[in-house]
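Please open the model in your viewer and keep the selection panel at hand. The stops below go from one selection to the next.

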Amino acid sequence: MENFEVINPTRILFGKNQLGRLPQLLRTVNATKIMITYGGGSIIKTGLLDKIKAQLEDFDIVEFSGIEPNPEYTTLMKAVEIAKAEKVDFLLAVGGGSVIDGTKFISGAINYHRDPWDVLTRKQGAVFTSAVPFGTVLTLPATGSEANSGAVISRHELGVKVTMGGPLFFPVFSFCDPTLVATLPKRQLANGITDAFMHTLEQYLTFPSHNLLQEREAEGILSTLIEIKDVINHPEDYRLAANLMHCATHALNGNLRCGVITDWSTHMIGHELTAHFGIDHACTLAIIAPRLCEHKFEDKKEKLTQYGKRVWNLTGDDTTIAKEAIVKTEEFFQSLGIKTRISDYTQEYQGIEAKIKETFEERGWTAMGERQSLTPEDVEEIVLAAI
Ligand code: NZQ
Ligand code: ZN
């Protein structure tokens, strides 16, 4: 088993009817002026914003709305300016991964006195050294952002999507109420299952590890997501919704990576597809993962076989099981209504494989994957195969 160190300070309040705890939690961090951050208005329509405001009568509140899916740098910078001017001392993100990620960025940028873009582009010496504390009310189980310290920020004008994070960016608390899943459109439910599934696979489909517990936990999440996929048709079913939310949080709260080797290449390639074409994050993963597994078949064969046997109950010789496991995975995504080819989303794909290869070269991402053997040339072939 690999050595590991893990810390996750986020308090998770899982279940229904818990918002009454909000004022007390805010007092424990001495919050007085709170900025509620949210997206395009789903929380207004569902009545959630009013319920939250009713809990915050004793606090000063500022609202910032309009954080879009794949949160946009220029939008977030407007929030940073308002938060500075209003002297906000706590942020409350109410939404999915985009709102939570955007809020992580805002929390770091408020007290940063130079250009925050330098931090996102990893300019030498540019780091966020403090963050305004924040909590979340999760409305879309998918990314695990409610329970981790990572974020992904887009800058449309430059066609880039970049990651940030670090120990400063764990939420202080996250309300995870499965009843909020009921209003999600089918597309977002399918995305949520797929994203959580892929977070698990990226921390699992590498080498057979000696961490038997983490192997079984990953397989447990994958099997559960398969079992509850009917949540896309019945999001009001509390049992299904609660299991989706629980799985999504656990898929990326830092637990699965303990003592194992991970491979986040599918995510890194997928982010480029979102940056270029605006394809939903989860869909980019469903496009890339099957082709990446085929491309690196020999490297991943042993683990694909274990996955095929334990998660899909496949039988036969190892090569057949490993190949069938890739087919089953792609069919699973398709059964959720997710298309698995770039050309299903755009006809403007000419040359995309070369562009992504160049981007990986520019960033020095020349040796990725669990064996550091995935080169920009491999990435080019995978993207080409995914068209
Ligand atoms: O903006 P509103 O009006 O709220 O509508 C949202 C949005 O249009 C809607 N929605 C959310 N909750 C709802 C709801 N509609 C009805 N009822 C509800 N309860 O759903 C739409 C999509 O929301 P978004 O937050 O964009 O989705 P998701 O949670 O999938 O987040 C995707 C973003 O997270 C990043 C992705 O790259 C992408 O930018 N990720 C963040 C990660 C992390 N921080 O750990 C890891 C992931 O791998 C991922 O990269
Ligand atoms: Zn993801």
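Are α14 and α15 roughly parallel or roughly antiparallel to each other? Helices α14 and α15 are roughly antiparallel, because angles over 145 degrees count as such, whereas those under 35 count as roughly parallel, 65 to 115 as roughly perpendicular and the rest as oblique.

Before going on, note that this is a predicted model, in which local features need pLDDT of at least 70, side-chain atom pairs count only at pLDDT 80 or more, and totals for chains, interfaces and linings use all residues. Residues are numbered from 1 along each chain as its sequence is written, chains are lettered from A and ligands numbered from 1 in the order in which they are written, and side-chain values use heavy atoms, with hydrogens and water left out.

**First selection: α14 and α15**

Select residues 352-362 for α14 and 376-386 for α15, whose axes lie 8 Å apart and pack at an angle of about 155°. Helices here are DSSP runs of H or I with at least four residues, numbered from the N terminus, and axes are lines fitted to C-alpha atoms over the stretch in contact, with angles from 0 to 180 degrees between N-to-C directions. The crossing of α14 and α15 is right-handed, that is, the near helix is turned clockwise from the far one by less than a right angle. Show side chains for the contact (heavy atoms within 4.5 Å), where residues including I352, I356 and F360 of α14 meet residues including V379, V383 and L384 of α15.

**Next: α10 and α11**

Move to residues 265-277 (α10) and 281-295 (α11), where the axes come within 8 Å and cross at roughly 130°. That angle makes α10 oblique to α11, and the crossing of the two is right-handed. Among the residues making the contact are I269, G270 and L273 of α10 and L285, I288 and L292 of α11.

**Then: α8 and α12**

Select residues 212-227 (α8) and 297-310 (α12), whose axes come within 11 Å and cross at roughly 55°. The contact is formed by E215, R216, E219 and L222 of α8 with K303, Q306, Y307 and R310 of α12.

Finally, select ligand 1 and the 32 residues around it (a heavy atom within 4 Å), of which G40, S42, S98, D101 and K161 come nearest. For polar contacts, here pairs of N or O atoms within 3.5 Å, pick T139, which has a polar side-chain atom 2.8 Å from a nitrogen atom of ligand 1. The side chain of T183 likewise places an N or O atom 2.8 Å from a nitrogen atom of ligand 1, while in N148 a side-chain N or O atom is 2.9 Å from an oxygen atom of ligand 1.

Conventions: Polar contact = N/O pair within 3.5 Å; in protein donor to acceptor, adjacent residues only side chain to side chain.
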